[in-house]
Amino acid sequence: MYGGNQALFGKRSLRSGCGMIAACDFILYSSGKRALNFAEYADFVENFRDKEAYRRTSNLLGIFPFRLTKLINSHIDGKVRFISRLRFSENSLRKFLRKSLLSGSPVIIRIGFDIKKLPYIIKFPDRNGKTAKGRFHWHYVTVTGITESGAVKFSSWGGVGETDCGQLFRHFGITGGVIADSRISVSPKN
């Protein structure tokens, strides 16, 4: 698996579990725990969900990015912040993602409400290479790479996803943005 999948953690995790999974993946990666067996991973996720009062912070729209940022910051040495989509241009988003990833820090993307939704392709290596294509909004994903051509690689639902950075920028949606290391600066829009 590449990152977690909220469907593996029961009904309590389904409604707004994508933010919980993205936060857990971010915390584990930042703590140097980059390859866990499923039992270790499940224990961490279930503890985060149950003991961190995660359930009380969610609603029909999922957990709000500022609350998710606060939960992540309570677990890591460095600090993360939420940066609204309004601070980015397509070019500055691409630069920001590269800079963050080169520094060794993943980025959580909050895709907010967008009528047209963000197109994606996700491959599931643990499911004999099954591929899913679709569009989503109201979703959190963890960015793990970006190619020279601008393809953004992310983990979601236990698979490896990909979408174009330009598409991501155009479909950030209402309440969209990034949760990332606060030491990484955003380039001016251009």
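Colleague: In this predicted model, is Phe-136 buried or exposed?
Modeller: Happy to start there! Phe-136 has a relative accessibility of 6%. The cut-off for burial is under 20%, so Phe-136 counts as buried.

Colleague: Which class does the aromatic pair of Phe-113 and Trp-138 belong to?
Modeller: The structure holds seven aromatic pairs. In the pair of Phe-113 and Trp-138, the ring centres are 6.2 Å apart and the planes make 35 degrees. Stacked needs under 30 degrees and edge-to-face over 60, so this pair is tilted.

Colleague: How many residues apart in sequence are the parts that Phe-113 and Trp-138 tie together?
Modeller: Phe-113 sits in the loop between strand 2 and strand 3, while Trp-138 is in the loop between strand 4 and strand 5. The pair therefore ties together parts whose separation in sequence is 25 residues.

Colleague: And what kind of pair do Phe-136 and Trp-157 form?
Modeller: Their centres are 5.8 Å apart, with 80 degrees between the planes. That angle is over 60 degrees, so the pair is edge-to-face.

Colleague: Which strands stand at the edges of the sheet?
Modeller: Good one! The open sheet has eight strands in the order 1-8-2-5-6-7-3-4, with antiparallel pairing. Two strands each have a single partner, so one side of each is left without a neighbour in the sheet: strand 1 (80-84) and strand 4 (130-136).

Colleague: Which residue in strand 8 stands opposite Ile-109?
Modeller: Strand 2 (residues 107-111) and strand 8 (residues 177-181) pair in the antiparallel sense over three bridges. Opposite Ile-109 stands Val-178.

Conventions
Residues numbered from 1 in each chain as written. Predicted model: local features only at pLDDT ≥ 70, side-chain atom pairs only at ≥ 80, totals over all residues. Heavy atoms only, no water. Pairing = 2+ DSSP bridges. Helix = DSSP H or I, 4+ residues; strand = E, 2+ residues; numbered from the N terminus. Phe/Tyr/Trp six-rings, centres within 6.5 Å; stacked < 30°, edge-to-face > 60°. Buried < 20%, exposed > 50% of the residue type's maximum accessible area, 1.4 Å probe, protein only.
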